[in-house]
Amino acid sequence: MDAGLNQKTKNVRDIRSDLVFNIVLYSLAAIMLVIIIYPLYFIIIASFSDPSAVTNGRVWFWPGGFTLEGYQAVFEHERLWIGYRNTIVYTLMGTLIGLVINIPAAYVLSRKDLVFRKFLTFMFLFVMFFSGGLIPTYLTVRDFGLDNTWLVMVLPFSVSIYNVIVARTFFQTSLPADLWDAAQIDGCGNLRFFFTVAVPLSKAVIAVIALWTAVYHWNSYFNALIYLRDENLQPLQLILRNILITNQMQSGLGTGEAAALMMRRANLMRYSSIIISTVPIMCFYPFVQKHFNQGVMIGAIKG
Amino acid sequence: MSAKPDAFERKLRMIGRNWGLYLLILPSVILLILFAYKPMYGIIMAFKDYRNALGIMGSPWAEPWYKHFERFFSSFQFVNTLRNTLVLSFYGLLAGFPFPILIALGLNQMRAKKFKRTFQTISYLPHFISTVVMVGLLSIWLSPGSGLIGNIYRLFGAQAPNLMGSAGAFPHLYVWSDIWQHVGWNSIIYLAALAGVDPSLYEAATVDGASRFQKLIYIDLPMLMPTAAILLILSAGNIMNIGFEKAYLMQTPLNSFTSAIIPTYVYELGIRNAQYSYSAAVNLFNTVINLILLVTVNQVTRKTSGNSLW
């Protein structure tokens with residue numbers, strides 16, 4: 001009797017503390033969502049707005065003075081489309097090469113019976129924390145004649161230690177060791193086992209690493225800045241820098257009607273070029289998102 | 001002599017039997033040797049007076065060998081770039097560390113499945129924005145004339161300050177825009193760690209009358225500590241490697257007092273001014289400090305929490 005009553009008051013208290021907990025939890029989450037979404041939403045509506053409406057602070061929730069001028073200006077910007085084409089090529093080639101290089105390496109390093117495993121693992125991990133530095137690397141690339149070629153964007157730096165570690169841990173934890181033993185008895189070699197058993201069983205981790213590599217190449221800026229001088233090879237991000245940052249610092253230098261028109265153009269393009277360059281990669285990621293929690297991420301930590 | 005094969009012979013036989021494995025790892029090993037290990041040999045140019053025509057081997061040794069280091073240590077950029085580098089990374093490390101943990105703890109408690117999924121999808125989105133676009137976004141939001149900050153200041157009838165050109169604002173902008181961009185993404189790894197919590201722990205806690213908040217503090221939080229320790233070591237190993245790209249893109253003559261960091265200095269000297277040996281020396285200094293920090297933090301966390309990289 002007494003115990004039952006105690007239980008009851010306790011339940012009531014539980015429910016009340018649960019309610020408070022939930023209110024705090026979901027309101028914090030809602031505030032965070034607004035902080036993340038609103039600045040991005042602002043760019044979207046600004047890209048459809050008349051620049052003067054944006055400048056006068058009339059754009060808050062809806063586009064002010066709806067116009068597609070910004071997108072028109074972007075479509076007429078020839079160098080942006082050259083950059084777009086280059087980035088698509090670098091992303092496709094870079095992702096393909098990245099997978100071909102990193103996934104087999106990860107599988108090999110996951111094999112416990114590998115002779116020199118310790119040495120090879122150390123060889124991979126060491127470069128994470130020590131490097132020759134910018135100038136020696138630059139000179140090496142130059143000596144191979146790779147600077148100012150499209151190859152430098154996809155080949156020399158395609159080994160990603162982080163991706164190798166993630167994939168290696170995935171192979172270690174989700175590929176049963178007796179699978180290889182059984183295959184071996186059936187006379188299956190290492191190469192055949194890798195391509196017909198290990199790879200098909202590891203689609204989740206391969207999808208995630210493909211996404212990471214693609215995003216890396218799509219957003220890549222540093223290597224192009226260092227190694228590419230030819231304008232026809234420049235990727236999207238370098239062109240975007242001119243539109244978004246360099247022009248911005250120079251705007252306001254000129255005077256007169258022509259300068260005002262130029263500034264209006266430059267302002268318009270800022271918003272639309274961000275949308276045009278960022279939306280493709282963002283459309284791609286939700287398809288891979290479901291794999292993020294499937295034991296793939298844990299690989300990043302157990303390494 | 002004896003029928004028993006010695007260890008060496010056995011190893012050779014193992015390698016022969018697994019030749020396919022070595023073939024699979026060969027491409028990555030070749031790339032590492034050519035583009036990661038070969039440049040390490042190039043570090044000796046930091047002790048030489050490198051000339052293009054002579055190559056690394058042919059160039060004369062610096063006189064004295066520490067000439068370039070001495071020049072760096074006695075230049076006014078030394079104190080400035082070192083301070084800026086340390087301020088940005090420690091500030092970023094300390095301010096950025098707790099948020100992903102809090103988000104993971106919160107997400108783990110959410111019972112509304114749909115809301116949780118939406119929250120995750122949206123909070124991961126900014127991670128996919130490139131550094132160039134991120135800096136572009138900052139300059140749009142913070143532009144005193146147009147932009148969000150201009151709007152807000154105008155509401156109060158005030159003139160917005162030019163934050164992008166302010167040396168005082170630079171570290172805050174740098175660090176908090178980074179947190180804004182990556183906090184959701186960085187929480188994934190903690191979520192994965194929480195997914196591994198044994199459900200019977202929660203059941204036992206429920207029987208003992210623990211509230212949800214208590215479970216969060218006494219079960220979830222301790223579960224995240226090993227992950228947090230490893231991530232802390234890893235980021236300590238990158239203290240001096242803070243992103244060149246963002247600092248470089250955000251740099252203007254107006255804020256260079258706080259935005260000039262060692263990587264941007266190395267770039268300016270080496271690529272822009274072709275002072276190869278001096279640039280390599282500054283870079284080497286950076287790398288060595290980094291390595292020392294990594295080893296130290298690894299040692300400390302191993303002693304205090306039992307977690308370590310090696």
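## First stop: a charged pair in chain A

Select A:Asp113 and A:Arg111: their side chains meet in a salt bridge, 2.8 Å from N to O. The term salt bridge is used here for a side-chain nitrogen of Lys or Arg within 4 Å of a carboxyl oxygen of Asp or Glu. Before you click on, know that this is a predicted model, where local features need pLDDT of at least 70 and side-chain atom pairs count only at pLDDT 80 or more, while totals for chains, interfaces and linings use all residues. Residues are numbered from 1 along each chain as its sequence is written, chains are lettered from A and ligands numbered from 1 in the order in which they are written, and side-chain values use heavy atoms, with hydrogens and water left out.

Over all chains, the count comes to five salt bridges. For another one, select A:Asp147 and A:Arg229, whose closest N and O atoms are 3.6 Å apart. A:Asp147 sits in the loop between helix H6 (134-143) and helix H7 (161-174) of chain A, and A:Arg229 in the loop between H11 and helix H12 (236-250), so this pair ties together parts that are 82 residues apart in sequence. A:Asp147 is buried, with a relative accessible area of 15%. Helices here (H or I, at least four residues) and strands (E, at least two) are DSSP runs, numbered from the N terminus.

Hop over to chain B and pick B:Lys246 and B:Asp178: this salt bridge has its closest N and O atoms 2.8 Å apart. B:Lys246 lies in helix H13 (residues 244-250) of chain B and B:Asp178 in helix H10 (residues 170-195) of chain B, so the pair ties together parts that are 68 residues apart in sequence. B:Lys246 counts as buried at 6% relative accessibility, and B:Asp178 as partly exposed at 30%.

## A covered helix in chain B

While you're in chain B, select helix H15 (residues 262-272). How many of its 11 residues are buried? Eight are, and the helix is mostly covered. Among the buried ones are B:Tyr265, B:Tyr267 and B:Leu269. Just after H15(B), look for B:Ala274, which takes a positive phi of about 55 degrees.

## Back to chain A

Switch to a cartoon view of chain A: its secondary structure comes to 16 helices and zero strands. Of its 303 residues, 51% count as buried.

A:Asn223 counts as buried at 10% relative accessibility. Leaving aside neighbours within four places in sequence, A:Asn223 is in contact (heavy atoms within 4.5 Å) with A:Met153, A:Phe157, A:Tyr216 and A:Leu228.

Then go to A:Arg265 in helix H13 (residues 256-284) of chain A, which is partly exposed with a relative accessible area of 39%. Not counting residues up to four places away in sequence, A:Arg265 touches A:Ala73 and A:Glu76. Draw a C-alpha to C-alpha line from A:Arg265 to A:Phe75: the two are 12 Å apart in space and 190 residues apart in sequence.

## Last stop: where the chains meet

Colour the two chains separately. Here 98 residues of chain A are in contact with 101 residues of chain B. The area buried between them is about 8,900 Å², of which carbon and sulfur atoms give 76%; buried area is the accessible area (1.4 Å probe) that two parts lose on being put together, summed over both. On the chain A side, helix H1 (residues 2-47) gives the most, with 18 residues.

How many salt bridges are there between chain A and chain B? The count is zero.

Methods
Buried < 20%, exposed > 50% of the residue type's maximum accessible area, 1.4 Å probe, protein only.
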